[in-house]
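Have the structure open while you read.

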Amino acid sequence: MAPMQNKVICALVLVSMLALGTLAQSQTETCTVAPRERNNCGFDGITPSQCASRGCCFDDSVRGFPWCFHPNTIDIPPEEECEF
């Protein structure tokens with residue numbers, strides 16, 4: 001491949017990574033938490049809105065585990081840079 005083609009491909013990859021990185025930065029936590037890994041964030045009878053006001057997740061579909069729980073942090077790997 002010609003050197004110019006490598007630079008164009010690298011630039012396109014970099015632009016794509018930046019665009020995806022911007023999307024990923026807006027979400028650093030997820031409410032996808034296995035029931036056994038849930039850390040309680042509420043109290044008996046807490047409502048979904050009360051739970052959300054604490055910055056926590058609410059899921060009452062699994063009995064015997066906390067319904068209001070702390071979200072998991074998403075680990076965002078460092079971005080790789082293209083070398084020109």
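The link between Cys 41 and Cys 56 is right-handed, with 50 degrees about the S-S bond. This is a predicted model, and the sulfur atoms of that pair sit 1.8 Å apart.

How many disulfides does a search of the whole structure find? The search turns up three, and here they are side by side:

| Pair | S to S distance | Angle about the S-S bond | Hand |
|---|---|---|---|
| Cys 31 and Cys 57 | 2.0 Å | -80 degrees | left-handed |
| Cys 41 and Cys 56 | 1.8 Å | 50 degrees | right-handed |
| Cys 51 and Cys 68 | 2.2 Å | 95 degrees | right-handed |

Take the pair of Cys 31 and Cys 57, which is left-handed. Cys 31 lies in the loop between strand E1 (29-30) and helix H2 (48-53), while Cys 57 belongs to strand E2 (residues 57-58), so this bond ties together parts that are 26 residues apart in sequence. Are its two ends buried or exposed? Cys 31 is partly exposed, with a relative accessible area of 46%, whereas Cys 57 counts as buried at 3% relative accessibility.

Then there's the right-handed link of Cys 51 and Cys 68. Cys 51 sits in helix H2 and Cys 68 in strand E3 (residues 68-69), so the pair ties together parts that are 17 residues apart in sequence. Cys 51 and Cys 68 are both buried.

In soluble globular proteins, nonpolar side chains tend to be buried together. Leaving aside residues up to four places away in sequence, Cys 56 touches Cys 41, Cys 51, Cys 68, Phe 69, His 70 and Pro 71. Of the 84 residues of the chain, 15% count as buried.

Asp 59 is in the loop between E2 and E3 and Arg 38 in the loop between E1 and H2, so to speak a link between distant parts of the chain, 21 residues apart. Arg 38 counts as buried at 8% relative accessibility, while Asp 59, at 25%, counts as partly exposed.

Stepping back, the chain has two helices and four strands, in the order α-β-α-β-β-β along the sequence. Among contacts between residues at least 6 apart in sequence, 59% join residues at least 24 apart. The chain exposes about 6600 Å², with carbon and sulfur atoms supplying 56% of it.

Finally, a word on confidence. The mean pLDDT of the chain is 79, and 61% of its residues reach 70 or more. Over residues 20-25 pLDDT stays under 50, and the model has two contacts beyond four places in sequence for that stretch. Where pLDDT is low, the predicted coordinates should not be read in detail.

Note on methods
Residues are numbered from 1 along each chain as its sequence is written. This is a predicted model: local features need pLDDT of at least 70, side-chain atom pairs count only at pLDDT 80 or more; totals for chains, interfaces and linings use all residues. Side-chain values use heavy atoms; hydrogens and water are left out. A disulfide is a pair of cysteine sulfur atoms within 2.5 Å. Buried means under 20% relative accessible area, exposed over 50%, partly exposed in between (1.4 Å probe, protein chains only). Contact means heavy atoms within 4.5 Å. Accessible areas come from the Shrake-Rupley method with a 1.4 Å probe; for residues, only the protein chains shown count as cover. pLDDT is the predictor's confidence in each residue, from 0 to 100.
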